[in-house]
Amino acid sequence: MTLGQKIAWDDTILPFQLDHADIRGRVARLDGVLDGILKQHDYPPQVEALIAEMALLTALIGQTIKLRWKLSLQVQTKGAVRMIATDYYGPTDEGESARMRAYASFDPDRLDDGAPFGQLGEGYFAVLLDQGQGTTPYQGITPIAGNALCNCAEAYFAQSEQLPTRFALSFGKSREAGGMEHWRAGGVMLQHMPKASPFASDGGSGEEGLLQARDIVDGDDAENWNRANMLLDTVEDLELIGPSVAPTDLLVRLFHEEAPRVFDLQPVRFGCTCSEERVRNSLSIYSAKDIEKMTTDDGIVTADCQFCGAHYQLDPATLGFDAPKGPGDGA
């Protein structure tokens with residue numbers, strides 16, 4: 001693969017369909033997006049790995065939904081890594097990039113040398129869908145289960161959406177000849193086309209009775225699903241993350257007998273929606289007395305964006321519902 005071809009596939013999501021198996025899917029490659037996310041904080045390696053996996057899941061899932069605004073994934077736990085939050089903003093116009101951001105909160109003193117997933121502990125995995133003004137946000141949750149965040153996402157789709165779903169992910173620091181070390185991630189998502197399932201009311205075969213993909217397919221669907229999964233089992237880490245194998249070539253290698261058909265490529269970039277106006281709006285519910293408690297010794301109110309690291313310094317006299325209205329602000 002040439003350098004130009006490599007760059008063309010970096011930070012993209014490629015939708016595809018396996019016509020012979022009634023299965024849809026996505027191939028994602030993240031490069032600069034991860035750099036943009038991870039450089040905002042000096043995360044320990046275990047936390048970086050969890051964020052990389054969460055970001056990859058968010059890219060793959062976000063592209064499957066017809067978004068008017070935002071998809072969010074969240075992990076909340078009682079472990080050393082208390083929270084991971086990611087946002088995926090769908091493109092507003094055809095041909096535009098989707099945008100992603102992510103961050104994590106953790107207790108450094110509780111981190112150990114174990115695997116990244118082991119830093120989580122008891123908690124839940126949540127999917128939040130917000131289609132914007134005039135709509136009711138949706139939230140679905142499933143317990144932290146399995147051995148990786150991708151297992152949690154698979155359990156969510158089986159339990160909450162009754163959609164058999166499988167992820168094959170690879171992520172880590174990569175160094176090409178003559179280049180600097182940086183994070184790369186790549187993955188494949190398979191999902192059976194939506195159908196009514198007669199098994200949804202029965203107990204699942206997963207951890208603590210959670211539904212799994214095998215609980216909600218039968219007959220020809222089960223045969224097709226199992227065959228596609230066995231083919232995906234043969235994928236190698238370097239094929240997932242690239243850069244030497246194009247996603248189209250990967251699909252042909254894995255699924256050529258399933259008649260893979262690809263659709264328009266979706267570019268994705270790091271992007272944050274924070275702004276001074278949003279900070280002011282978030283503080284507009286507070287009184288002057290509340291604002292005074294937030295004011296520093298230097299006479300300013302400060303706010304930091306956890307996603308992008310932006311730092312805001314605001315005049316307390318202009319904040320809160322007691323602040324004088326400016327021209328055009330209304331009565």
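**Burial, bridges, cores and pockets**

Analyst: Start with Glu-48, which counts as buried at 11% relative accessibility. Buried means under 20% relative accessible area, exposed over 50%, and partly exposed in between (1.4 Å probe, protein chains only). This is a predicted model, where local features need pLDDT of at least 70, side-chain atom pairs count only at pLDDT 80 or more, and totals for chains, interfaces and linings use all residues. Residues are numbered from 1 along each chain as its sequence is written, and side-chain values use heavy atoms, leaving out hydrogens and water.

User: Which side chain does Glu-48 meet in a salt bridge?

Analyst: A salt bridge puts a side-chain nitrogen of Lys or Arg within 4 Å of a carboxyl oxygen of Asp or Glu. Here Glu-48 meets Lys-173, at 4.0 Å from N to O. Glu-48 sits in helix α3 and Lys-173 in strand β8, so the pair ties together parts 125 residues apart in sequence. Helices (H or I, at least four residues) and strands (E, at least two) are DSSP runs, numbered from the N terminus.

User: How many salt bridges does the structure hold?

Analyst: It holds nine. One of them joins Arg-253 to Glu-239, with the closest N and O atoms 2.6 Å apart. Arg-253 is in helix α7 and Glu-239 in helix α6, so this pair ties together parts 14 residues apart in sequence. Arg-253 is partly exposed at 37%, while Glu-239 is buried at 11%. Asp-10, Asp-31 and Arg-184 form a network of salt bridges.

User: Which residues touch the most other members of the largest nonpolar core?

Analyst: A nonpolar core is a set of buried Ala, Val, Leu, Ile, Met, Phe, Trp, Tyr and Cys residues joined through side-chain atoms within 4.5 Å. The largest has 60 residues, and Leu-30, Ile-51, Ile-84, Phe-125, Leu-149 and Phe-167 touch the most other members. Helix α3 gives the largest share, twelve residues. A second, separate core has 23 residues, including Ala-213 and Phe-255.

User: How much space lies in the largest pocket?

Analyst: Rolling a probe the size of a water molecule over the atoms shows where empty space is left. On a 1 Å grid over the protein atoms alone, a pocket is an open set of points where a 1.4 Å probe fits, with protein on both sides within 12 Å along at least five of seven lines; lining residues have an atom within 4 Å of a point. Volume is the space filled by probe spheres set on the points, which are joined across faces, edges and corners. The largest pocket holds about 440 Å³. Its lining has 19 residues, with Pro-15, Gln-63, Pro-91, Asp-264 and Gln-266 closest to the centre.
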